[in-house]
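Work through these exercises with the model open. Try each task before reading its solution.

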Amino acid sequence: MNDKKKGYFKRAVKGFTFEQFKELAKDDSLTNHEKIGAPDSYRENYSDAIFADITGKLTAINQHNKKIADIGCGCDDLAHKIINRCVENENSLYLIDSAEMLNLLPDSKNVPKIAGKFPNELDDFINREKNSFDAILVYSVMHYVTLEDSVFNFIDSAVELLAPSGRLLLGDLPNRTKRKRFFLSPEGIKTHREYTGDSNAKPPVDLFEIETGKLDDAIIFAIMQRYRNHGLETYLLPQAENLPMANRREDILIVKPH
């Protein structure tokens with residue numbers, strides 16, 4: 001592995017900002033998975049399973065003549081699958097990301113590209129499109145939002161876009177508390193020992209460590225409580241077991257009343 005790749009993976013552990021993702025999108029030495037901050041091992045050969053899990057929760061993608069948004073859509077296989085399914089079903093799909101990332105995706109009928117950082121740079125779009133989307137997908141994005149923005153400001157703006165009965169899926173949330181619970185379990189200890197090659201190793205888990213800029217149980221449940229308090233329904237959902245990080249990630253589904 002060359003020094004540039006080593007630098008990439010070192011940055012990936014800390015997380016990328018919106019501006020850094022723009023640079024990743026322009027880096028031709030990276031795969032499409034790496035451009036969205038995911039090592040190939042996290043996404044390669046998993047796109048079908050991830051797509052099935054998403055569409056089981058955001059069923060509008062598989063329906064016809066629906067209005068859908070993908071915020072932070074990226075440019076990998078998953079984005080292409082969502083585009084193809086929405087075109088096939090004659091849905092309107094709004095792709096929201098940086099211009100650099102959107103340029104890597106095909107232009108398709110009824111698939112407008114909205115360039116800009118959500119929600120900060122998209123006030124006009126949000127005001128124009130309030131209460132109009134049947135489904136909104138935010139997949140593997142929220143942990144990057146925590147690095148440089150307000151989680152609640154982001155979700156508030158996404159909720160504003162929902163039509164009555166509309167669904168917002170905050171998918172692939174890396175919950176650090178869930179991760180700690182996993183690595184304290186027999187299965188987690190076994191996984192750690194197989195990874196390290198040390199049959200006596202114990203995962204380095206500190207239950208009381210405050211991990212700045214990371215999602216944890218407190219933030220997950222605060223999100224659910226906040227939007228229930230505002231009259232929406234919220235659900236904490238497991239990922240399908242065949243997804244690569246299901247033992248430490250989960251999804252939140254927010255449903256607007258009709």
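**Exercise 1.** Which residues are buried in helix 13? Then place them around the axis of helix 13 and find their packing partners.

*Solution.* The model is predicted. Start with accessibility: buried means under 20% relative accessible area. In helix 13, Asp-217, Ile-220, Ile-223, Met-224 and Tyr-227 are buried. These residues cover an arc of only 140° around the axis, so they lie on the same side of helix 13. An α-helix has 3.6 residues a turn, so residues three or four places apart point the same way. Now turn to the other side of helix 13: Ala-218 and Asn-229 are exposed there. Finally, list the partners. The buried residues pack against helix 10, strand 5, helix 11, strand 6 and strand 7.

**Exercise 2.** Check the length of helix 13 (residues 217-229).

*Solution.* Count 13 residues and take 1.5 Å a residue. The expected span uses one less than the number of residues, which gives 18 Å. The end C-alpha atoms are 18 Å apart, so the two values agree.

**Exercise 3.** Describe how helix 11 (residues 176-184) packs with helix 12 (residues 186-196).

*Solution.* Take the geometry: the angle is about 80°, and the axes are 4 Å apart. Angles of 65 to 115 degrees count as roughly perpendicular, so helix 11 is roughly perpendicular to helix 12. Next, list the contact. Helix 11 supplies Phe-182, Phe-183 and Leu-184. Helix 12 supplies Pro-186, Glu-187, Gly-188, Ile-189, Thr-191 and His-192. Sort these by class: 5 nonpolar, 3 polar and 1 charged residues.

Note on methods
Residues are numbered from 1 along each chain as its sequence is written. This is a predicted model: local features need pLDDT of at least 70, side-chain atom pairs count only at pLDDT 80 or more; totals for chains, interfaces and linings use all residues. Side-chain values use heavy atoms; hydrogens and water are left out. Axes are lines fitted to C-alpha atoms, for helices over the stretch in contact, and angles run from 0 to 180 degrees between N-to-C directions. Helices (H or I, at least four residues) and strands (E, at least two) are DSSP runs, numbered from the N terminus. Angles under 35 degrees count as roughly parallel, over 145 as roughly antiparallel, 65 to 115 as roughly perpendicular and the rest as oblique. Contact means heavy atoms within 4.5 Å. Ala, Val, Leu, Ile, Met, Phe, Trp, Tyr, Cys and Pro count as nonpolar, Asp, Glu, Lys and Arg as charged, and the others, Gly among them, as polar. Buried means under 20% relative accessible area, exposed over 50%, partly exposed in between (1.4 Å probe, protein chains only). The arc is that of the directions from the helix axis to the C-beta atoms.
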